[in-house]
Amino acid sequence: MILKGPTTLLTALALLSPATLGAQAAQPKRPNIVILLADDWGFSDVGAFGGEIATPNIDALAAKGVRFSNFHVAGSCSPTRAMLQTGVINHRAGLGNMPETIPPEHLGKPGYETHLNNRVVTIAQQLRAVGYRTYLSGKWHLGHTPNALPTARGYDHALALAQSGADNFEDKPNLLIYDKTEWTEDGKPAKLPKRFYSSTLIVDKMIGYIDRGKASGKPFLASVNFIANHIPVQARDADIAAYAGRYNAGWTVLRNERRAAAIAKGVMPVGVPAVTMNTSGDWSKLSAQQQRQRAGAMAAYAGMGTAMDREIGRLIAHLKAIGAYDNTIFVFLSDNGAEATDPMNMGAFTRWNANQLYDQSIPQQGRPGSLTAQGAGFASASVSPLRGYKFTASEGGLRVPMIMAWPGNPAIKGGSVAAGFAHITDMPLTLLMLAGVAPQQGSFSGRRVEPMIGVDLSPMLTGVASSVHSPDKPLGYELSGNAVLFKGDYKLLKNLPPYGDGRWRLYNITTDPGEAHNLSSSEPARFAAMQKDYAAFAKANKVLPMPEGYTAPDQIFENALRTLLIPRLLAMWPVGAALVMATAALIWWRRRRRRLPQGLATP
């Protein structure tokens with residue numbers, strides 16, 4: 001059953017009625033809103049979605065709320081965050097690409113500002129306009145200049161990281177990409193503790209903000225943005241030790257276990273096919289040392305996830321203690337699928353650089369001073385039973401765990417699974433509707449802005465409808481040349497190298513979420529029609545074609561060389577001069593090689 005139009009508004013308003021919230025309330029009090037955004041978690045990393053990682057607090061929210069098993073985001077972090085903040089497609093919000101992956105020729109073009117532009121309005125701005133307190137802690141990654149930081153975009157207070165990630169134990173960046181961290185608080189450089197743990201720091205700061213404004217009696221928006229489990233994957237010793245030996249059987253065994261568990265939990269259809277990705281590798285062919293290294297990295301990943309869940313539990317316990325829990329809407333989700341990139345499996349230069357900057361020994365994995373990554377093999381288990389990873393437009397990159405709960409609201413169908421298609425642009429609009437706030441539709445504070453495009457998910461929360469998206473309305477998406485067109489149960493998909501061959505494919509992602517059966521030949525009329533729909537989307541949203549030979553990993557490397565590594569080498573003059581020349585030659589050779597006609601590139 002699909003509901004649309006005025007019915008969804010009535011459903012949302014019914015959730016706010018005195019009868020729903022309690023007859024003792026003469027007028028309903030607007031709910032608090034807590035957004036819990038995880039970083040790079042795969043579809044089945046959460047226990048309630050089939051994972052073995054201990055996530056009891058997230059699972060408790062799932063028991064109180066609704067699990068969305070067909071929820072989609074962008075293939076990487078800042079485009080998702082832009083859509084979550086604004087309800088506007090990433091190309092119109094300024095994040096047509098990220099600073100780390102954008103080719104220089106696209107930078108600054110309309111929609112490719114690489115920061116949240118001024119043509120969009122955030123959920124924080126809309127909620128603050130009706131009396132909400134608005135707070136953010138953790139990763140922002142939507143701009144680093146004063147006019148692009150959270151406190152310039154509707155947040156009263158914010159501890160924000162402007163970059164894609166950072167060290168979890170000290171104020172140190174990922175030294176392969178950045179020269180220094182960009183943590184700010186309320187728009188000014190932040191002074192972090194000498195030693196901390198990121199998930200604890202992020203929740204500490206949010207609890208402080210909430211308590212600071214408690215006396216006002218106003219409801220609050222709390223946007224809690226973890227950097228777990230982004231590279232570097234790091235956790236405390238005890239959390240890593242809890243998973244010692246758990247992953248010794250390897251990623252194929254774990255991927256199969258997760259598939260079976262996801263079916264048992266009701267978040268995947270019975271018999272869902274799951275392909276074996278060619279990037280996973282054969283666990284049995286690894287040496288004993290390689291297996292120890294990979295299993296240890298996954299143990300650190302799991303420990304980092306459990307640590308984040310524990311901090312979520314601490315925040316929830318605090319809200320219970322101050323009487324705010326029952327009338328709080330909780331949203332948990334990941335910004336994209338699991339990260340397959342591993343610096344230690346990249347080119348010789350990257351491996352050498354990582355070994356100079358970090359302690360990459362096996363015993364040190366996941367601990368202070370290390371640069372640990374999950375890697376493609378175990379990432380395939382994290383997204384199980386889906387295909388693809390972060391950066392791709394495959395389901396493993398775009399379909400993530402999402403939970404919505406409102407503990408004190410009996411209208412929410414607790415413990416249920418909503419299998420209908422849902423999208424990240426639906427989230428801010430839904431939250432505004434649940435708060436009794438009319439979402440902006442092209443005008444805000446006397447100026448024209450990009451209208452929100454989402455659909456209200458309230459009927460799926462109450463069980464009134466299985467889906468709220470019209471099966472006839474297309475929804476397009478593109479990032480780094482990887483492109484999608486959703487329409488009803490179907491998905492048109494194209495991945496550029498190294499994630500695919502650049503050819504369009506067609507899948508029914510309701511019956512085949514693992515994208516095992518390409519329908520482009522068996523359904524040629526649908527295939528052609530959806531390609532036309534995508535072309536219309538790309539034209540309307542000014543999607544730029546990628547330069548010939550573009551790949552996201554190569555662009556990350558080239559951007560880092562240009563903005564970080566070459567300046568470092570120049571600082572080592574005169575030794576650096578020779579290295580700069582060699583590096584420039586390497587960039588020239590890589591670009592020439594990837595632009596050679598097919599078949600002419602050297603092996």
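Two strands pair if DSSP finds at least two bridges between them. With that in hand, here is a friendly tour of this predicted model.

1. **A pairing to start from.** Strands β9 and β10 meet that requirement, with four bridges joining them in the antiparallel sense. To find the spot, look for Leu333, which stands opposite Met402 in β10. On the β1 side, β9 pairs in the parallel sense over seven bridges, and there Leu333 is the bridge partner of Leu37.

2. **How covered is β9?** Seven of the seven residues of β9 are buried, so the strand counts as mostly covered, buried being under 20% relative accessible area. In a regular strand the side chains alternate between the two faces of the sheet. Here Thr328, Phe330, Phe332 and Ser334 point one way from β9, while Ile329, Val331 and Leu333 point the other way. Both groups are buried.

3. Please step back now to see the whole open sheet of ten strands, which has mixed pairing and the order β7-β6-β5-β4-β8-β1-β9-β10-β2-β11. Its edges are β7 and β11 (416–418), each with a single partner strand, so one side of each has no neighbour in the sheet. At the β11 end, β2 (residues 66–68) pairs with β11 in the parallel sense over three bridges. Arg67 is the residue that stands opposite Val417 in β11.

4. Helix α14 (residues 426–434) lies across β1 (32–38), β9 (328–334) and β10 (402–405). Relative to β10, α14 runs at about 5 degrees.

5. Strand β17 (residues 490–494) runs antiparallel to β18, and four bridges join them. Within that pairing, Lys491 has Tyr507 in β18 as its bridge partner.

6. **Two helices that cross.** Two packed helices are described by the angle between their axes and the distance between the axes. For helix α3 (residues 56–64) and helix α10 (residues 288–321), the axes come within 7 Å and cross at roughly 55 degrees. That angle makes α3 oblique to α10. Which residues of α3 and α10 meet? From α3 come Pro56, Asn57, Ile58 and Leu61, and from α10 come Met308, Asp309, Arg310, Ile312, Gly313 and Ile316. The residues of this contact divide into six nonpolar, two polar and two charged.

7. **A helix with two sides.** Helix α11 (residues 348–357) has buried residues at Thr350, Asn353 and Ala354. These residues cover an arc of only 100 degrees around the axis, so they sit on the same side of α11. The face turned away from that buried side carries Ala348 and Trp352, which are exposed.

8. **Backbone points worth a look.** Most residues other than glycine have a negative phi, and most peptide bonds are trans. Which peptide bond ending at Asn229 is cis? The bond from Ala228 to Asn229 is cis, with omega near 10 degrees, and Asn229 has its place in the loop between β8 (220–225) and α8 (237–241). The bond from Ser384 to Pro385 is also cis, with omega near 5 degrees; Pro385 is found in the loop between α12 (375–382) and α13 (395–398).

9. **Positive phi in loops.** Asp186 is not a glycine, yet its phi is positive, near 50 degrees. You can find Asp186 in the loop between β6 (183–185) and β7 (188–189), where its relative accessible area of 30% makes it partly exposed. Lys542 likewise has a positive phi of about 55 degrees without being a glycine. Lys542 belongs to the loop between α16 (524–540) and α17 (552–570), and at 55% relative accessibility it counts as exposed.

Technical notes:
Residues numbered from 1 in each chain as written. Predicted model: local features only at pLDDT ≥ 70, side-chain atom pairs only at ≥ 80, totals over all residues. Heavy atoms only, no water. Axes fitted to C-alpha atoms, helices over the stretch in contact; angles between N-to-C directions. Parallel < 35°, antiparallel > 145°, perpendicular 65-115°, else oblique. Contact = heavy atoms within 4.5 Å. Nonpolar A, V, L, I, M, F, W, Y, C, P; charged D, E, K, R; others polar. Buried < 20%, exposed > 50% of the residue type's maximum accessible area, 1.4 Å probe, protein only. Arc of directions from axis to C-beta.
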